[in-house]
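Subject: Structure handover

Dear colleague,

Please find the sequence and the structure below, followed by my notes on them.

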Amino acid sequence: MRKRLLMSDQTLFRNIDVFEIDYVPEFFNYRESQLDDLAYQIRPALEGGRALNAICRGLPGTGKTTSVLRIFAELEQTTKKILPVYVNCQTDRTKYMVYSRIYATVFGHTPARTGVSIKSVMDAIGGALQRQGKSLIVCLDDANLLHYNNMLGDVINTLLRLHQDYPGARAAVFATVSDMDLDLASDLSRWVTSPFRPSDIYFPPYDAEEIRGILRDRIRIGLYPGVFPAAILDRIVEQTMESGDVRVGLDQVKRAVLNAECAARTEVIEEDVTTAYEQSKHVHLAYTIRALSADERLLLRKIAELSKEQQPLISGAIYAGANSKPKGGYTAFFKRLRKFDALRLIDLIRVHAGGRTSEVVLRYEPEKVVQICG
Ligand SMILES: Nc1ncnc2c1ncn2[C@@H]1O[C@H](COP(=O)(O)OP(=O)(O)OP(=O)(O)O)[C@@H](O)[C@H]1O
Ligand SMILES: [Mg+2]
């Protein structure tokens, strides 16, 4: 008998959405203290003032976005005094796009596309806040992406100075960053007196027990009982710990169950998990690459191609081989390498102390990097 390729009549998933990346978890534990800290920042706004600014800092997959979205959802349900605006800097990468997003939340529709200046969008926002007496809190999620384009300071300071032109308009910024080495102060330094004095809220990586707890909750909701043996979960916890990104574990559970389904089994076995990991380990890589600009992606791809041919790979050789050189020459090029290093895509090893020649070691398989960079 021919093996059936699609078995729509049999599923081990009670609800497969539970394992999707954008699923909003019902259970959100282990982040009580960070949620308390965020609530503390908001309190002045509930009392008619402006919220305090905050930076949520932590490696990818440590619950920063989920925490802010939970707090924002609660605000929307409980008060009209505060207007929370969520800006995803992966999608909104220019000043105009960020302000348009805020405008859209304030007015319920995006600004007319043609002939509208940034200034007039800001004017409209400031005026509305003044009239409505609402306190604005803008979450710049993955704010580091604006930082790499040198726009972060501008965006933040414009928002925080709104009250100068619109007395009574109140705004605060919650920025999340996953780049632990990022020094926001340096971007803001050209503003002699920046009003941005944020509290730092740190999101440490989850430990093995916490990862196990998060995955167990999802398994309970998403799968039928008995599908996922506890011993198998231990393997996944272990492998998730390597990147520290919960997303790797969630993806691995989903793929392992799909593998079991494909083999027409009703219980996941070791082999399903092993095969799943080959794919799931790249989830972390894909997340990081998605955040790069087109030029950065091209450069990373070049590095991947060259590292198949040259060992050791030296920064100068990459620069010489690059098809298009950045405007700022070698300095701009080297800055990109430093960014890749900060994102844990490559290791940058200085050849001479103080010099700008470095050895570049790719941290992932070159083939996979080329594939994901497209
Ligand atoms: N404490 C938790 N309980 C349940 N699920 C969690 C928890 N923390 C994170 N997750 C899940 O892990 C995934 C990643 O979380 P989130 O997007 O909040 O991380 P992040 O810190 O914003 O990561 P990044 O820096 O990559 O944006 C999400 O699917 C989220 O639902
Ligand atoms: Mg996030």
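**Helix α3 and what follows**

Just after helix α3, Gly108 takes a positive phi of about 85°. Before going on, please keep in mind that this is a predicted model, in which local features need pLDDT of at least 70 and side-chain atom pairs count only at pLDDT 80 or more, while totals for chains, interfaces and linings use all residues. Residues are numbered from 1 along each chain as its sequence is written, chains are lettered from A and ligands numbered from 1 in the order in which they are written, and side-chain values use heavy atoms, with hydrogens and water left out.

Helices here are DSSP runs (H or I, at least four residues), numbered from the N terminus. Helix α3 covers residues 95–107, and its 13 residues reach 18 Å from the first C-alpha to the last, close to the 18 Å expected at 1.5 Å a residue (the expected span is 1.5 Å times one less than the number of residues). Its buried residues (under 20% relative accessible area, with a 1.4 Å probe and protein chains only) are Val98, Tyr99, Ser100, Ile102, Tyr103 and Val106.

**Aromatic rings**

Rings of Phe, Tyr and Trp (its six-membered ring) pair if their centres lie within 6.5 Å, and planes under 30 degrees apart count as stacked, over 60 as edge-to-face and the rest as tilted. By this rule there are 8 aromatic pairs. One of them, Tyr319 with Phe333, is tilted, at 5.0 Å centre to centre and 55° between the planes. This pair links distant parts of the chain, since Tyr319 belongs to helix α14 (residues 315–321) and Phe333 to helix α15 (residues 329–342), 14 residues apart. Both Tyr319 and Phe333 are buried.

Tyr330 and Phe334 form a stacked pair, with 6.0 Å between centres and 25° between the planes. Both lie in helix α15, 4 residues apart, about one turn of the helix, and both are buried. Tyr319, Tyr330, Phe333 and Phe334 form one aromatic cluster.

A charge sits over a ring if NZ of Lys or CZ of Arg is within 6 Å of the ring centre and within 35 degrees of the ring normal. The charged end of Lys325 sits over the ring of Tyr319, 5.2 Å from its centre, and the charged end of Arg220 sits over the ring of Phe27, 5.4 Å from its centre.

Definitions and conventions. Helix = DSSP H or I, 4+ residues; strand = E, 2+ residues; numbered from the N terminus. Buried < 20%, exposed > 50% of the residue type's maximum accessible area, 1.4 Å probe, protein only.
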